[in-house]
Each structure stands twice: as C-alpha cells, then as structure tokens.
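This report describes selected features of the structure shown below.

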Amino acid sequence: MTGLAPGPVRFEHLGADVVGIGRDRPRLSWDLPLGLGQSVSELRIGDRVFAGDDSRVLVAWPDAPLASRERRTVQVRVRDAASPWSPWSEPSVVEAALLEPHDWVARWVAPAGAGRDDPLPLFRSPRFTVRAGLERARIHATAHGVYELDIDGVRVGDRLLAPGWQSYRHRLEFQTHDVTGQLPAGEHVLGAMLGDGWWRGRLGFPLIVRPDVYGSGLALLAQLELEYADGSREVVSTGADWSWAEGPIISSDLYDGEHHDARREPRDWSPVALPIVDPVPLVAASDPPVRVTEVLEPVATLRSPSGALLLDFGQNLVGRPRIRVQGRAGDEVVLRHAEVLEHGELGTRPLRTAKATDRYILGADGEQEWAPRFTYHGFRFVEVAQWPGSPRPGDIVAEVVHSDLERTGWFETDDALLNRLHENVLWSTRGNFVDIPTDCPQRDERLGWTGDIAVFAPTAAFLFEVGGFLESWLADLRLEQRPDGTVPFFVPELELPAELAHLPGLALAPTAVWGDAAVTVPMALFDRSGDVGLLARQYNSMRAWVDRVLELAGLSGVWDEGFQFGDWLDPSAPPEHPSQAMTETALVATASLARSARLLARAASLLGCADDQRRYQSEADRVGAAFRERFWRGDHATSDTQTAYAIAIEWDLLSGADLAAAGDRLAELVRANGHRIGTGFVGTSLILDALTTAGYRDDAYRLLQQTEGPSWLYTVRMGGTTIWERWDSLLPDGSVNPGEMTSFNHYALGAVADWMHRTIGGLAPAAPGYREVRIAPRPGGGVTRARTAHRSPYGLIQVAWRLEGERLEVDASLPPGVTGILDLGDGEERVTGVVSRSTSWPLEGTESAIMAYSDSAARTGGQDD
C-alpha cells in the first residue's frame with residue numbers, strides 16, 4: 001500500500017475544520033499529493049463509509065443531513081485502477097450552526113433609554129456556573145451594529161466588525177464561536193460591547209451620506225450553549241436578566257474614527273430593554289472573518305511644513321493604528337489618517353467628509369496600549385498630535401485589517417516595476433475586501449459597487465479563495481434585485497432620501513456592466529472554481545437581469561436609453577464628470593447585453609435548461625447583429641476609441657475581416673497615443689487581451705510597461721503602492737487630482753493582473769475549476785523570467801519560464817487529475833505531472849519576444865514616438 005494519503009477534506013469554501021457551518025449537506029473537496037491517483041474514492045463519515053468516483057471538488061454530501069449543532073468527522077481515501085487504497089486522510093471536523101429558527105431561545109436586548117449620541121453600550125449576563133465535565137461550549141451571536149464578546153473580561157476570538165454588512169432588511173448573519181477553552185469549571189460572566197458599524201453609522205457619498213440607514217438603535221442577540229460529557233446541555237442567553245451600562249467608547253464610526261476615554265469605567269448597570277426586532281432570517285456566516293492579518297512598523301518619521309508629526313508606514317493599507325503610550329490620566333492622543341501627502345501635509349481632501357480621526361484618552365498614569373475596535377481606515381500616513389513626550393520605536397504600529405481570505409495566486413518576474421504593479425493589485429484587493437467587495441476603503445463611500453467587482457472578479461479569484469466571500473455578496477445582490485430584474489448600483493443598497501431619488505446616477509435604473517455583475521461575477525467564479533451549485537443559486541437572478549435589459553433594448557436590440565456609467569473614468573473624462581468618456585454609452589451597453597446573454601446561455605446549458613440555452617443564445621446573436629449594424633462601419637467603430645475596439649474583439653462581436661480591422665485600428669490608436677492608456681473601467685480589463693488576440697502582443701507589452709501617464713506604471717513611478725481610482729489621482733507635481741472623487745485604493749484598473757497571470761505567467765484555466773490548464777507563456781517587453789502559481793480546487797499549479805539566449809525554457813507542475821495544454825507557439829501538447837520543455841524563441845513568423853525599442857526610454861519615463 002502506498003504511504004501517500006489525500007489532503008484533509010475541506011467543506012464548501014471554508015477549509016478543513018469548520019465550526020458553525022450553515023448548510024446541512026456541505027460539499028466536500030480534497031487535494032491529492034503528486035504520485036497519488038484517483039479513479040475511485042471512499043468517504044468515511046463517522047463510522048459509515050460511502051463509495052465515490054473520480055470527483056474530488058465540491059463533491060455532494062453522501063450521508064444524512066446534519067442537524068443543528070451536529071458534529072461529524074470526515075475522512076477520504078482513494079485509489080486508481082493500478083493501485084491499492086491509500087491511507088485515510090487526516091480527520092476533518094464539520095459542525096453545524098443553528099439551522100432552524102426554533103433553535104434560538106435568546107431574545108434581543110438593547111440599552112434601555114440610550115440615545116443616538118450616547119457612549120456605546122456594554123452588556124453583561126448574570127453570573128453563571130460551569131460544572132465539571134464541560135465537553136463543548138459555543139456562542140452563537142449577532143447584532144444590530146457590530147459586536148465583540150468577552151468572557152470574564154477576556155475577549156472571545158479575534159474576529160472584527162462582526163456580524164459584517166449584509167442586506168439587513170432581508171437577512172442577518174450570525175457567527176458561532178468556540179469558547180470551550182475559556183470556560184473552566186466555576187463562575188463566569190458573558191459580556192459584549194456594541195458599535196455602530198454599518199447598521200447605524202454614517203454611510204453613502206456626497207448628497208446621500210447619512211447615519212441610521214438601517215436603524216437608530218443598537219441591539220445584541222447571543223446564545224451560549226454548554227454541552228457536558230453526561231449528555232446534558234445548558235443555555236445562557238440574552239434576555240431580561242441581562243444588564244447594560246455606558247462604556248468607554250464615546251463614539252465610533254467607520255468613516256470618522258473612534259473616540260475612546262479610558263477613564264470611563266462602567267458603574268451604573270441597568271436592566272436592558274427587549275426591543276421588537278423585524279424577524280428577518282438569521283443565517284450562519286459563510287464568508288471568512290475580518291481580522292488583523294499583518295502588523296507594519298513606520299518606515300519614516302517626518303515633519304510637515306506646518307510642523308505636524310507624521311508617520312509613514314511605507315504602504316497604503318487598510319486597518320487601524322495600535323498605540324503604546326505612557327502619560328498621565330486625562331492625556332489625549334489624536335491620530336489622523338490619510339493615503340498621501342500633498343506638498344508635505346496630510347492629504348485629507350480625498351476623504352471628503354470622512355474625518356478618519358481616532359482619539360484616545362488615558363485612563364490612568366503609566367503605560368497603556370490601545371487600538372480602536374469598531375472602525376478602520378485607508379492610510380499610509382498618520383499624523384500624531386498631543387502625544388505625551390515623543391513616540392518611541394514600536395509605540396505606534398499599523399494593523400492590517402481585511403477579510404482573512406486564503407491566498408491562492410502568486411506572480412513574479414525579473415521586472416521590478418511589474419512586480420510592484422502586481423503587489424499594488426494584491427494590496428488593493430486586501431484593502432477593499434472588508435466583509436464585502438468595496439470600491440474604496442478610506443472616504444465617505446466604501447460601498448459594494450457592482451461595476452468594480454464585475455471587471456475584477458477573475459483577478460480576485462486567482463489571487464484569493466473568494467468563493468464564500470463573493471457567494472455571500474451575491475446572495476445580497478439576489479435579495480436586493482428588483483422584481484423587474486434591475487440590479488442596484490451597489491450591494492447592499494442604501495435607501496435614498498425621497499428628494500434625491502430621481503437624480504441621474506442616484507435614481508436606480510438598469511446600467512450596463514454594473515448590473516451585468518449579476519451574470520459576470522457568478523460566471524467568473526464558476527470558471528475559476530467549477531462551482532455549478534453557485535450558478536444554480538444565482539440562475540434566476542441572472543435570468544431576471546438579462547430579461548430586463550432585453551426588454552429595454554426592444555426589437556432593435558440596441559440598448560440606447562437611460563443613464564449609463566459607460567467607460568467610467570477613461571483618461572479623457574473631466575475631473576468632475578467621470579462618466580463623460582470617449583466611447584458611446586450605447587455601444588458599451590449593447591455590447592454588454594450581448595455578452596451577458598451569451599454567458600447566460602452557457603449557464604443554462606450547464607444547468608440542463610435546454611430551452612433557455614437556445615433562447616438566450618438566439619438573443620445574444622440578435623443583439624450582436626444589432627451591435628454591428630448600429631456601431632460598426634465596415635472597417636471602424638462609430639466610437640473610434642481603444643475601449644470600443646477592445647469590447648468588439650474580446651466580447652466576440654466581430655469575426656473575419658471585421659475582427660482583423662478592429663485589431664488593426666486598435667493597435668493604430670494605441671501607437672498614436674504613444675502607448676498610453678485610453679480606457680476606463682470597462683476597456684481597461686479588455687485592452688491587453690484584445691491587442692494579444694489581434695496579434696499585437698508587442699504593443700500590449702509596451703502599453704503595460706509605459707511609465708508616462710496615463711498608464712499603470714505611472715502610478716508605480718509616482719510611488720503608488722495600491723491601484724488608484726483615476727489614472728492621475730496624483731498629478732506629476734505631487735498635487736491631488738482636483739476632482740471631488742479621488743481614491744488611491746481602487747482595484748478596478750488592477751484587472752490587468754489577469755492578463756499578466758495568463759499571458760506573461762502563462763497560466764490560465766482551460767476548463768472550469770482548472771481541471772484543465774493552458775500553459776502558454778508569451779515573453780515580451782524585455783522580461784526574461786517569470787514564475788506563476790495558483791492553488792486551484794485540485795491543488796497547486798506552478799509555471800516558471802526563462803529565456804536563455806534564444807531558448808525558452810518552461811517548467812510546470814500540475815497536481816494529480818489536472819491536465820495541461822502546453823502551447824509554446826509551435827503546437828499544442830497535452831501534459832500531466834511535472835513537465836520541462838524548451839523551444840527556440842522567438843519562433844519564426846511570430847512577433848519579437850524581446851522589444852526593439854530603447855529600454856531606457858520605455859522603462860524610465862522617456863517619451864514614445
């Protein structure tokens with residue numbers, strides 16, 4: 001018998017050991033080490049064994065459904081036709097959350113008589129006794145607001161900002177906390193602190209930013225369940241016997257920061273109120289927790305021209321400060337945050353009305369440590385005021401905060417600027433994936449804009465395991481979607497004041513690309529994960545959106561009415577009018593409809609909906625024909641722009657001579673613009689692929705590697721460590737773009753990383769979930785080495801290549817069960833396992849792989865011809 005065993009069984013998109021899963025039949029996945037094959041499998045759940053086949057990703061649960069609180073141990077073993085059974089995998093444990101409404105005996109509690117502007121409340125239970133023989137203790141908790149729990153004053157877990165942000169009018173997530181280790185035999189008290197969070201904190205952007213979007217009162221629901229070895233169970237839950245008091249946090253807001261007065265000790269504990277709460281479903285969280293994932297020290301201490309003390313953390317990050325301060329009771333430390341310096345001073349104008357300021361008042365003489373609990377900031381620089389004496393090294397650090405997603409993608413070349421660009425994409429993903437996918441993390445906005453994730457989902461799914469994270473967000477999209485199929489601009493949606501509900505750009509209306517996220521995001525996740533169950537859950541939402549837009553396009557097939565974001569923020573758009581792009585909005589909208597109808601036809605086929613497949617494919621063909629009739633003029637588009645041609649090429653709207661003409665014209669425009677970018681949110685995710693498809697890969701490299709603005713590497717050359725919202729968020733003279741809307745941490749333009757992974761790195765999915773992989777590196781731009789890796793649902797895939805003179809050397813490693821299609825430009829070969837190949841490069845008749853243009857001019861800011 002071979003000594004190799006499968007990896008531990010994973011559940012859904014959550015990992016190998018899960019406490020508090022919200023599904024009674026969780027799907028199962030496992031990896032195989034190199035050298036171990038699988039033609040059949042067996043699953044052992046408890047003491048029962050179930051036969052399987054060659055599937056090992058999201059395999060259906062074979063046993064009886066889990067009941068609430070039920071805990072089972074799962075193992076797998078495999079063999080192929082020529083081998084005996086492998087050993088069983090290491091045990092994995094899955095435990096169900098509370099799955100039924102009647103499982104809850106806790107009652108909602110609220111601070112009786114507390115006002116909107118009073119300090120944040122603390123709650124505590126009556127004292128309770130834990131007997132000897134405790135076997136398991138779980139707290140199931142949620143809140144209106146955000147919460148932290150403690151037992152005897154010691155914090156429970158490390159999750160931040162729970163329960164997160166959902167479509168609160170439709171569902172509310174709860175978390176299950178394992179607290180067995182915090183409850184030795186004896187007396188204990190369960191406590192909690194609440195913050196405003198998204199529930200009643202300020203939300204929105206200019207014209208609509210306001211507090212109390214979902215409610216004005218805070219409330220807690222918590223249920224501690226104690227299970228003993230003798231089979232007995234006891235429950236300690238929120239109810240009328242709990243008490244509350246004002247805590248030390250004077251105020252805490254996601255936009256404005258936190259004000260903490262450590263002198264305030266809770267003294268007057270009062271009975272809680274029992275509010276009447278709308279009975280929305282309580283659902284177990286399916287996404288990873290928000291937590292601190294990294295700690296950064298300042299890289300420099302500066303003095304601004306005005307004399308302010310500034311700390312530079314060297315990286316634009318999302319998180320919070322943690323301070324260690326020594327002083328006297330009553331001393332107050334003030335910390336202000338910003339992403340950039342403008343002429344040496346803290347650049348706060350891009351924050352708009354967000355104060356991004358934390359205040360801490362020492363509660364006693366001596367040294368104290370503190371970090372805000374219920375806020376986060378986007379910042380690289382911190383201005384420190386009123387510090388007693390001077391901060392010492394280590395007194396102020398930055399804690400990086402985001403949803404703790406598993407890293408699954410890596411990319412590196414011998415080009416330092418491209419590596420920094422890729423790091424910028426990575427940091428912007430981390431910073432904007434804080435419970436939901438946001439547009440920006442620093443100003444008065446931070447909303448789940450659909451257009452941003454619509455273009456970025458493929459990149460995100462390469463870099464991180466985003467299945468559970470985006471599945472949760474898509475559930476809210478599905479719930480927020482109107483009965484007629486219209487998708488909100490951002491999810492969760494904010495209800496607009498009546499006086500603003502009619503304004504263009506605010507009034508809800510179907511908009512291309514943004515609304516198309518209902519289709520494109522599920523399809524992107526399916527392609528990268530193979531999760532057909534997600535498609536099934538989202539299918540009615542996908543269909544409702546496409547049906548709505550087909551109705552708007554009517555018999556003509558052209559969608560040319562209503563407000564559109566269009567190719568948002570292309571470089572030509574005036575600072576104050578980001579939707580005034582060069583490309584006709586009707587061209588973008590009609591093309592996007594054709595694409596979504598085609599994707600929906602594919603989803604229908606995958607789900608066995610043959611009639612729908614035929615219908616939506618027919619509609620896609622009809623709208624595509626309407627696009628060509630309205631927007632194509634023989635050898636050019638009616639909008640003679642980079643985006644128009646990129647869309648036409650990459651969304652399969654042209655063929656034959658028309659396709660060749662579009663590619664030729666796109667290359668002409670790129671060259672005429674000095675290999676500078678001319679696209680906004682829509683075109684940017686497509687242009688390098690369009691140039692590559694059309695046979696102009698050299699031009700794609702030159703566009704990518706341009707360092708003069710507008711370009712990706714202009715951001716890097718200007719010191720950017722994240723992806724900017726605008727190509728020129730920071731102007732060459734160091735001043736911030738004059739537009740009211742300017743962020744230095746937006747991931748949308750970072751969608752270019754997907755092309756980098758596939759074309760430079762040479763690693764692309766060729767079948768859903770990477771069951772087949774295309775290995776096709778295409779060197780260029782003076783890059784002579786690259787390494788790319790992706791932890792797929794089937795295991796780790798690695799591709800590395802190097803140019804040695806005129807030889808291209810390629811090494812790849814594929815996990816068992818994954819087939820590679822190796823294409824080095826001289827034919828295709830199907831490969832498995834560990835592969836090494838070499839070929840002459842550049843090949844006869846192909847473009848030059850090493851650029852002929854001056855390296856110094858192209859790479860250090862010289863002008864293109």
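## Cores, pockets and backbone

Within the largest nonpolar core, which has 215 residues, Leu183, Leu224, Ile687, Leu704, Trp712 and Ile760 touch the most other members. A nonpolar core is a set of buried Ala, Val, Leu, Ile, Met, Phe, Trp, Tyr and Cys residues joined through side-chain atoms within 4.5 Å; buried means under 20% relative accessible area, exposed over 50% and partly exposed in between, with a 1.4 Å probe and protein chains only. Helix 7 gives the largest share of this core, 13 residues. Helices (H or I, at least four residues) and strands (E, at least two) are DSSP runs, numbered from the N terminus. Apart from neighbours within four places in sequence, Leu704 is in contact (heavy atoms within 4.5 Å) with Leu418, Leu421, Leu688, Trp712, Leu713, Val752, Trp755, Met756 and Ile760. Ile323, Val384, Ala398 and Trp427 are included in a second, separate core of 21 residues.

The model is predicted: local features need pLDDT of at least 70 and side-chain atom pairs count only at pLDDT 80 or more, while totals for chains, interfaces and linings use all residues. Residues are numbered from 1 along each chain as its sequence is written, and side-chain values use heavy atoms, with hydrogens and water left out.

The pockets come next. On a 1 Å grid over the protein atoms alone, a pocket is an open set of points where a 1.4 Å probe fits, with protein on both sides within 12 Å along at least five of seven lines; lining residues have an atom within 4 Å of a point. Grid points are joined across faces, edges and corners, and a volume is the space filled by probe spheres set on the points.

The largest pocket has about 1400 Å³ of volume. It is lined by 44 residues, of which Arg528, Glu650, Asp689, Asp754 and Arg758 are the closest to its centre. Among the elements that each supply at least two lining residues are helix 3 (450-463), helix 7 (585-606) and strand 36 (763-765). By class, this lining holds 18 nonpolar, ten polar and 16 charged residues; Ala, Val, Leu, Ile, Met, Phe, Trp, Tyr, Cys and Pro count as nonpolar, Asp, Glu, Lys and Arg as charged, and the others, Gly among them, as polar.

The second largest pocket has a volume of about 1100 Å³. Of its 49 lining residues, His13, Leu14, Gly15, Val18 and Pro288 are the closest to the centre. Strand 13 contributes the largest share of this lining, five residues. The lining comprises 20 nonpolar, 15 polar and 14 charged residues.

An open, antiparallel sheet of six strands has the order 12-11-15-8-18-21. Strand 12 (154-155) and strand 21 (270-271) are at the edges with a single partner strand each, so one side of each has no neighbour in the sheet. Two strands pair if DSSP finds at least two bridges between them; three bridges join strand 8 (residues 121-124) to strand 15 (residues 190-195). Phe123 is opposite Ala192 in strand 15.

Arg69, with phi near 75 degrees, counts as buried at 18% relative accessibility. His343, with phi of about 55 degrees, counts as exposed at 53%.
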